[in-house]
Each structure stands twice: as structure tokens, then as C-alpha cells.
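Please look over the sequence and the model first.

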Amino acid sequence: MFKINENYLKLPGSYLFSTIAKKVAAYKQANPDEAVISLGIGDVTRPLAPAIIKRLHDAVDEMADEAGFKGYAPDLGYSFLREAIAEHDYKARGVDISIDEIFISDGAKSDSGNIQEIFGQDNKIAVCDPVYPVYVDTNVMAGRTGTYDAGSERWSDVIYMPCTKETGFAPELPSETPDLIYLCFPNNPTGSTITKDQLQEWVDYANKSGACIIYDAAYEAYITEDNVAHSIYECEGAKTCAIEIRSFSKNAGFTGTRLGFTVVPKELKCGDVTLNSLWARRHGTKFNGVPYIIQQAGAAVYTPEGKAQLKEQVGYYQRNAKIIYDGLKEAGYSVSGGVNAPYIWLETPDNMTSWEFFDKLLNEAKVVGTPGSGFGPSGEGYFRLTAFGTYENTVEAVDRIKRM
Ligand code: MLT
């Protein structure tokens with residue numbers, strides 16, 4: 001008789017964004033004439049940039065030709081893409097990353113969920129609270145988080161690092177030493193970030209305590225301030241303690257086409273074993289690569305035209321972020337984020353819970369957001385709005401919230 005992975009039964013409820021999608025679908029079914037605006041999940045709305053589309057078409061044509069046809073992609077990804085990444089994402093920022101430290105994947109969600117597999121069962125994880133739910137849920141599935149306490153909404157074997165107004169929405173070094181530290185800057189969901197000097201403190205701490213940082217830099221394209229690092233490897237010593245996960249979703253609109261990468265430096269070791277060799281083994285065994293045409297489209301991101309078009313696209317969402325931030329502030333909300341990130345984080349008014357505010361916003365303004373408590377217990381009393389809507393919808397949503 002087969003047995004199931006009972007760790008899955010420990011997971012409370014469904015995945016946050018699935019729960020929201022179900023609630024919104026039910027609302028729309030009951031209110032078919034209402035024009036609901038979604039500022040919930042961080043999904044982009046601008047079409048792929050012309051340079052990317054052109055490269056996609058060209059790559060499709062190559063696949064139609066016997067000489068140009070490609071089958072399985074190389075294990076780590078095509079070198080033309082890994083070379084572009086090494087050059088433009090790293091060398092241009094003074095960081096030396098070799099192409100065999102870069103692993104092309106189908107996105108940061110998969111990589112941030114899968115990376116825990118190369119670590120032992122008895123590693124203790126530390127996460128920001130609130131946090132992108134994938135980090136915790138995948139460790140629950142792996143049986144690494146202990147038991148769940150529904151009252152406190154916490155796992156017994158997870159170290160929570162609260163990021164609230166009181167901490168400036170930044171985590172403090174934990175008093176108990178973790179083995180794995182998940183950090184995401186600029187942060188999802190709070191939209192805040194930390195300076196390069198503050199990040200250096202985390203790197204120094206990890207090196208000193210023998211911890212590994214799993215650094216999610218999916219939102220680096222939204223950084224506007226000079227003292228914020230775009231990559232953790234801008235910090236001294238990061239190559240011996242950090243894995244970096246990057247995405248093409250938010251900077252280039254690949255949420256539907258799927259592309260990302262993870263950097264595992266060869267200097268990152270447990271005894272004599274490099275994490276790079278373990279991730280290469282995992283990648284080779286369980287993943288058959290991102291389609292050639294998508295990797296070509298990714299390479300177009302780094303061309304002069306691609307860069308110019310994407311600067312404009314990111315600027316479009318940054319303008320939305322400012323509209324939301326300024327509009328809500330004007331309406332009397334306490335808001336943060338939005339300066340180096342496409343997320344605006346607000347305090348729910350009148351001591352409402354995050355889900356109460358979700359219902360109010362949906363029923364009265366017909367606007368969908370994400371309840372802060374869905375990202376962890378310290379998110380209770382907060383709410384996230386995304387800047388990834390269209391400009392028109394963003395303006396309209398802010399107007400409706402103001403009229404509420
Ligand atoms: C979010 O809304 O938090 C993100 O879009 C989810 C994701 O990138 O997977």
C-alpha cells in the first residue's frame with residue numbers, strides 16, 4: 001500500500017494566491033457586472049518588449065529549420081544567456097561570477113522552492129515575517145519545520161524574524177543561530193529594502209555562524225536608491241555564504257513565459273562539498289531546461305534595445321507604485337514600500353484584520369489586494385497592493401479606495 005508524504009497534511013489551507021483567486025472568482029460569479037481591478041498577485045500587465053518579441057520570432061524560425069533546430073538544452077542553460085548574465089548582471093556591477101556558477105531555470109518560484117532539497121533534513125531555517133510563502137511551505141513539505149501552532153500561526157522549528165513598523169520593516173539578526181537564512185530584498189511583500197551596509201552585516205553574520213543565505217533578488221530592477229545592492233555578491237565574502245535567485249518576471253515580463261536563474265558560487269562549501277556540485281546534480285537529474293526560444297528571448301533583455309525598452313517598462317510600474325503610495329497617503333493611510341520595489345504595504349485602518357480589509361476592499365471598491373497575514377503572523381494588520389496593474393486601472397483603483 002502506498003504512503004503519502006504526510007508533511008503535506010501539515011500545510012494549513014491552500015497556497016495564498018490560490019485562496020485569493022478562489023475568493024475573487026466566487027465574488028465575480030455572484031457579481032458579474034462589477035468591474036473588479038486586481039492589484040493582488042504580482043503579475044505583470046505590459047506586453048513583452050519589442051526586442052524580446054523579435055528574438056522570440058527569430059528563434060521560432062530557427063526551430064523550423066533543420067540546421068537551426070535545437071533539442072534538449074544544455075544542463076545549466078545555453079552559454080549565450082549565461083554569458084550575458086555574467087557580463088551585465090554581475091561584471092557590470094564589479095562582481096566576478098563565472099558562467100558555470102549560473103543555472104538557468106523556469107523561474108525564481110521554482111528555484112526558491114527547490115533549493116532546500118540540497119540541504120539536510122535537520123537544517124533550521126530563518127525567515128522574515130511576513131515572507132513570500134513559498135520558502136516556508138516548501139520546507140514544510142520537506143518535513144523541516146516541526147509542528148504548526150494554529151494560535152500563533154507559527155511552526156515550532158522555524159526562526160521568525162519580524163519585519164514590522166517597529167523594526168523599519170527589516171529583519172534583525174536572530175538570537176538563535178539558523179542554518180539557512182531566507183532573505184528577499186527589495187522585499188516581497190513589504191516593498192521595503194535594506195542598504196548594502198546592512199546586507200553586509202548579514203553576510204558577515206552568515207560567514208561567522210556557518211549559515212547559508214538564500215537570497216531572492218527578484219525585484220532588483222526596481223531599486224532606485226544608490227546605497228542598495230542589486231546583488232548580494234556586491235558584499236564582501238558573500239560567495240562563501242550565499243546563493244542568489246533571480247527572475248525575468250518582474251524586470252522583463254516573463255511571468256507567463258517563465259525564466260529565471262540561480263547563482264551558486266563554487267566557493268560555497270560544506271566541508272569539501274560544493275553546493276554548486278549538488279545543485280548541478282539536482283538540475284541535471286530533475287530538470288530538462290528552459291526552451292531554447294525562451295532563453296533566446298532572455299538574452300534579448302541584455303541588448304541595448306532590450307535594456308532601453310525594459311527601463312521604460314519598469315518605469316511604467318514605478319509610476320504606478322508612486323500613484324498608489326501618494327494616493328493612499330493622501331487618503332490618510334499609513335503606507336511604506338514602493339520606492340525600491342513594486343509593492344506598497346499599508347496598515348489596515350480601524351484595527352481591521354488583513355482579511356477583513358480584503359473583504360471591504362473587494363466589496364466596496366471592487367479592488368483585490370493581498371492580506372498581509374497571508375504572508376505570516378507579523379503581516380496581520382497590513383495589506384499589500386501591487387504596482388503591476390495597468391496605469392488606468394491603478395489610477396481608478398486608487399480613486400475608488402479614496403472614495404470608500
Ligand atoms: C507575488 O505576488 O508575491 C508574486 O507574484 C508571486 C510570485 O512571484 O510567485
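## Enclosed space

In this predicted model, a search of the whole structure turns up 1 cavity of 30 Å³ or more. The volume of the largest cavity is about 40 Å³.

Which residues line the largest cavity? They are Asp89, Glu220, Arg246, Ser247, Phe248, Asn251, Phe261 and Tyr302. By class, the lining splits into 3 nonpolar, 2 polar and 3 charged residues.

Side chains of opposite charge can pair when their charged atoms come close. The count here is 17 salt bridges.

Glutamate 117 forms a salt bridge with arginine 282, at 3.5 Å from N to O. This pair links distant parts of the chain, 165 residues apart. Glutamate 117 sits in the loop between helix 5 (108-114) and strand 3 (125-129). Arginine 282 belongs to helix 9 (residues 275-286). Arginine 282 has a relative accessible area of 13%, so it is buried, because the limit for buried is under 20%. Glutamate 117 is partly exposed, with a relative accessible area of 35%.

Glutamate 117 also meets lysine 286 in a salt bridge, at 3.0 Å from N to O. Again the pair links distant parts of the chain: lysine 286 is in helix 9, and the two residues are 169 residues apart. Is lysine 286 buried or exposed? Lysine 286 has a relative accessible area of 53%, so it counts as exposed; the cut-off is over 50%.

## Other charged pairs

Salt bridges with shared partners join Asp89, Glu220, Glu244 and Arg246 into one network. Among these, Asp89, Glu220 and Arg246 also line the largest cavity.

Lysine 70 pairs with glutamate 62 in a salt bridge, and their closest N and O atoms are 3.7 Å apart. Lysine 70 is partly exposed, at a relative accessible area of 23%. Glutamate 62 is partly exposed as well, at 29%.

## Threonine 190

Where is threonine 190 found? Threonine 190 lies in the loop between strand 7 (180-184) and helix 7 (196-209). Its relative accessibility is 0%, so threonine 190 counts as buried.

The threonine 190 side chain makes a polar contact with the side chain of asparagine 187, at 3.0 Å. Setting aside neighbours within four places in sequence, threonine 190 is in contact with Pro130, Phe169, Ser336, Gly337, Tyr343 and Trp345.

Note on methods. Residues numbered from 1 in each chain as written. Predicted model: local features only at pLDDT ≥ 70, side-chain atom pairs only at ≥ 80, totals over all residues. Heavy atoms only, no water. Helix = DSSP H or I, 4+ residues; strand = E, 2+ residues; numbered from the N terminus. Buried < 20%, exposed > 50% of the residue type's maximum accessible area, 1.4 Å probe, protein only. Polar contact = N/O pair within 3.5 Å; in protein donor to acceptor, adjacent residues only side chain to side chain. Contact = heavy atoms within 4.5 Å. 1 Å grid on protein atoms, 1.4 Å probe; cavity = no way out; pocket = protein on both sides within 12 Å on 5 of 7 lines; lining within 4 Å. Points joined across faces, edges and corners; volume = space filled by probe spheres on them. Nonpolar A, V, L, I, M, F, W, Y, C, P; charged D, E, K, R; others polar. Salt bridge = Lys/Arg side-chain N within 4 Å of Asp/Glu carboxyl O.
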